[in-house]
Amino acid sequence: MISKLLQDAINEQINFELFSAYLYLSMSAHFETQNLSGFANWTHVQYQEETGHAMKLYKYVFDRSGAVTLKAIAQPATKFKTPVDIFKEILKHEQKVTSLINKLYELAVKEKDYAAQIFLQWFINEQVEEEKNATDIINMLEMIGDSSVSLIMADRQLGARKAN
Ligand code: FEO
């Protein structure tokens, strides 16, 4: 059985992953209105991934005979700047998620919950990927510049991302 402390912390993380999903969906809606369907696709796939992260945590709480309490999801930003600014925001957001996952892991260590430590390793690895994806796209956008042709090229590339 999971400790109450760790259960509550995972519940908070479920909420933050759902907020992440909501934030990416808001970004996707923004890109749709800009007619950047590739960027909209990439952020929509990410929305689905974040929902998956929340559900992975949700299931784990029950696997350990804990309880899930769902709280209100904060409103995400609705106004955004340029694509490169958005990906810089994404990187900052993912760095925050990484710090939250690290704190969860530290709690699992403190609670001597070895099963939770192993479970959380998946999220630690996932955050390496999440930060790398955002960094790669920032680098690409900065390299190609912000002309219309560059944007169309980047949009085509991001449009190729498929859901896992
Ligand atoms: Fe669920 Fe993007 O971290």
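1. Helices here are DSSP runs of H or I with at least four residues, strands are runs of E with at least two, and both are numbered from the N terminus. This is a predicted model, in which local features need pLDDT of at least 70 and side-chain atom pairs count only at pLDDT 80 or more, while totals for chains, interfaces and linings use all residues. Residues are numbered from 1 along each chain as its sequence is written, and side-chain values use heavy atoms, with hydrogens and water left out.

2. Most residues other than glycine have a negative phi. Asn-35 counts as exposed because its relative accessibility is 68%, and Lys-112 counts as exposed at 60% (exposed is over 50% relative accessible area, buried under 20% and partly exposed in between, with a 1.4 Å probe and protein chains only).

3. Where does Gln-13 lie, and what is it in contact with? Gln-13 belongs to helix H1 (residues 4-33), and with 3% relative accessibility it is buried. Leaving aside neighbours within four places in sequence, Gln-13 is in contact (heavy atoms within 4.5 Å) with Leu-57, Val-97, Leu-100, Ile-101 and Leu-104.

4. A search of the whole structure for aromatic pairs finds eight; rings of Phe, Tyr and Trp (its six-membered ring) pair if their centres lie within 6.5 Å, and planes under 30 degrees apart count as stacked, over 60 as edge-to-face and the rest as tilted. The pair of Phe-31 and Phe-39 is tilted, because the ring centres are 5.0 Å apart and the planes stand at 35°. Phe-31 is buried, at a relative accessible area of 1%, and Phe-39 is buried too, at 0%. Trp-122 and Phe-123, by contrast, form an edge-to-face pair, since their planes are at 80°, with centres 4.9 Å apart. Within that pair, Trp-122 is partly exposed at 35%, whereas Phe-123 is buried at 1%. Ring pairs also join Phe-31, Phe-39, Trp-42 and Phe-87 in a cluster.

5. The charged end of Lys-56 sits over the ring of Trp-122, 4.2 Å from its centre, and Arg-161 lies over the face of Trp-42, at 4.3 Å from the ring centre.

6. The largest pocket holds about 190 Å³ of space. A pocket is an open set of points on a 1 Å grid over the protein atoms alone, where a 1.4 Å probe fits and protein lies on both sides within 12 Å along at least five of seven lines; lining residues have an atom within 4 Å of a point. Points are joined across faces, edges and corners, and the volume is the space filled by probe spheres set on them. Trp-42 and Arg-161 are among the lining residues, which also include Glu-49, Asp-136 and Lys-162. Four lining residues come from H4, the largest share.

Note on methods: A charge sits over a ring if NZ of Lys or CZ of Arg is within 6 Å of the ring centre and within 35 degrees of the ring normal.
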